[in-house]
Amino acid sequence: MTMTVTPTHYSSIPTLDYSKSQRPGPERDAFLASLRDILINIGFLYLSNHSVAMDTVNKVIAYAPKFFALPQEIKDSVDFTRSPAFLGYFNVGGQRVVHARSGTEGPSPISETREQFTFAADRDPKLVDGYPEWAKQDGTGLWPADEVIPGFKAALVDYYQQVEQLSYDFAALIAESLGLNPAAFEQWFDKDRNKMQPRVKLMRYPPPTDPSNPKETGIDSHEDRGFLTFLLQASSVTGLEVRNISGEWLPCPPVDGTFVVNLGRALEKVTRGVCMATSHRVLSPPGPEVRYSVPFFSNVSMYVRLADADPQFPQEVWDMYQARQQKLGRPVEWVFSNMDKQLAGLTRLTYKVKNHPEMGMKYHPVFFKEVFPNGPPPQSSKVKGVVA
């Protein structure tokens, strides 16, 4: 394995052709080498020629504006506050965020504005005695009636299932590119995939209500908490920006036929910092067009502890990681947080209840008192900027 180090001042997001990873030979070797470099030094990529059928992708692209054009009372009928699984419609507008890297909550100078519809394939909610409270956060989704928007649920669930399979296949490629067995990350997923419930969001970003206000945006700077994100930019409207390790914001415009793939904090943690979760944001479009996007968030099992990670990378990979850290003046030794030592399901529900205390009081009242022993915070969950 030849060590390469991407320059700190990279100025564009690289593209990998997924089809080249599907057959042995020099092209696959080059794919894995490039992937390794991206994982360690960039954290973002375009993935072209992927395995999700374009007919399926195009259906989702067509449905996005149709859903958000539904009458407000129909969207409100599937509001996520009606779902113990935190699935459904959410109209975001407020100044409160929970930051992924620090886990701290508080007021933000940035006002985030967007509409979104969170969905997944239905799962067993485990709402019976004997299961811990955090095991009850998966379940069935809320969907508008089929006669209101025919074929909507079927198209989105088909898309969900195909991207979910791609997420596991791509995780195997990540492991292999880092010199591990392709199955190395299987320990972080449930063997029965039906016990996991990744989330997908259909998102609409309108133009800002006050174009002269630079603090009104779609999503403020953040890193994703999960394992991997597969983003479908479902319109030609720009807005996504990625922060490189020099601190510069780079545009990540829509490219037909691709996913934008980025690494989440869970992947960063199970690789002890070798893979890098990268900050990104979405600027509100200038108008009059709106931006649509569809991020798929893969995650780890609820029954694992991230602090148990002890990856056995070859020395070449550790050398690349150390070179990056030294270049940035950052420590090489990875330190897990106290929450990383807890079961992932417990951590995940904690974040959800912090983001949406009204939901915690309604569906997880005992757990809510553990998260907020002094009572609920003064602001309503409906004005918070980040959803579960």
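Colleague: Of the contacts in the protein with a separation of 6 or more, what percentage comes from residues 24 or more positions apart?

Modeller: Keep in mind that this is a predicted model. Here, residues 24 or more positions apart account for 80% of the contacts with a separation of 6 or more.

Colleague: And how many helices and strands make up the secondary structure?

Modeller: Nine helices and 13 strands. The protein has 388 residues, and buried ones make up 55% of them.

Colleague: Let's do helix packing. How are α1 and α4 oriented to each other?

Modeller: Start from the angle between the axes; 65 to 115 degrees counts as roughly perpendicular. Helix α1 (residues 26-41) packs on α4 at about 85 degrees, with the axes 9 Å apart, so α1 and α4 are roughly perpendicular to each other.

Colleague: Which residues of α1 and α4 make the contact?

Modeller: From α1 you get R28, F31, L32, L35, R36 and L39, and from α4 you get F170, L173, I174, E176 and S177. By residue class, the α1 contact with α4 divides into seven nonpolar, one polar and three charged.

Colleague: Now α2 against α4. At what angle do they pack?

Modeller: Helix α2 (residues 54-68) and helix α4 (residues 152-177) pack at about 135 degrees, their axes 9 Å apart. That angle makes α2 oblique to α4, since roughly antiparallel would need over 145. As for handedness, the crossing of α2 and α4 is left-handed.

Colleague: Which residues of α2 and α4 are in the contact?

Modeller: On the α2 side, look at T56, V57, K59, V60, Y63 and F67; on the α4 side, F152, A155, L156, D158, Y159 and Q162. The residues of this α2 contact with α4 split into eight nonpolar, two polar and two charged.

Colleague: I've spotted K75. Is that lysine buried or exposed?

Modeller: For burial, check relative accessible area: under 20% counts as buried. K75 is at 4% relative accessibility, so K75 counts as buried. You'll find K75 in helix α3 (residues 72-77).

Colleague: What does K75 touch, leaving out residues up to four places away in sequence?

Modeller: With those left out, K75 touches F67, F68, L70, Y89 and E115. F67 has come up already, as one of the α2 residues in the contact with α4.

Colleague: Last one, cysteines. How many disulfides does the count come to?

Modeller: For a disulfide, the two cysteine sulfur atoms have to be within 2.5 Å. By that rule the count comes to zero. Burial is a separate reading: C252 is buried at 1% relative accessible area, and C275 counts as buried at 0%.

Definitions and conventions:
Residues are numbered from 1 along each chain as its sequence is written. This is a predicted model: local features need pLDDT of at least 70, side-chain atom pairs count only at pLDDT 80 or more; totals for chains, interfaces and linings use all residues. Side-chain values use heavy atoms; hydrogens and water are left out. Axes are lines fitted to C-alpha atoms, for helices over the stretch in contact, and angles run from 0 to 180 degrees between N-to-C directions. Helices (H or I, at least four residues) and strands (E, at least two) are DSSP runs, numbered from the N terminus. Angles under 35 degrees count as roughly parallel, over 145 as roughly antiparallel, 65 to 115 as roughly perpendicular and the rest as oblique. A crossing is left-handed if the near helix is turned anticlockwise from the far one by less than a right angle, and right-handed if clockwise. Contact means heavy atoms within 4.5 Å. Ala, Val, Leu, Ile, Met, Phe, Trp, Tyr, Cys and Pro count as nonpolar, Asp, Glu, Lys and Arg as charged, and the others, Gly among them, as polar. Buried means under 20% relative accessible area, exposed over 50%, partly exposed in between (1.4 Å probe, protein chains only).
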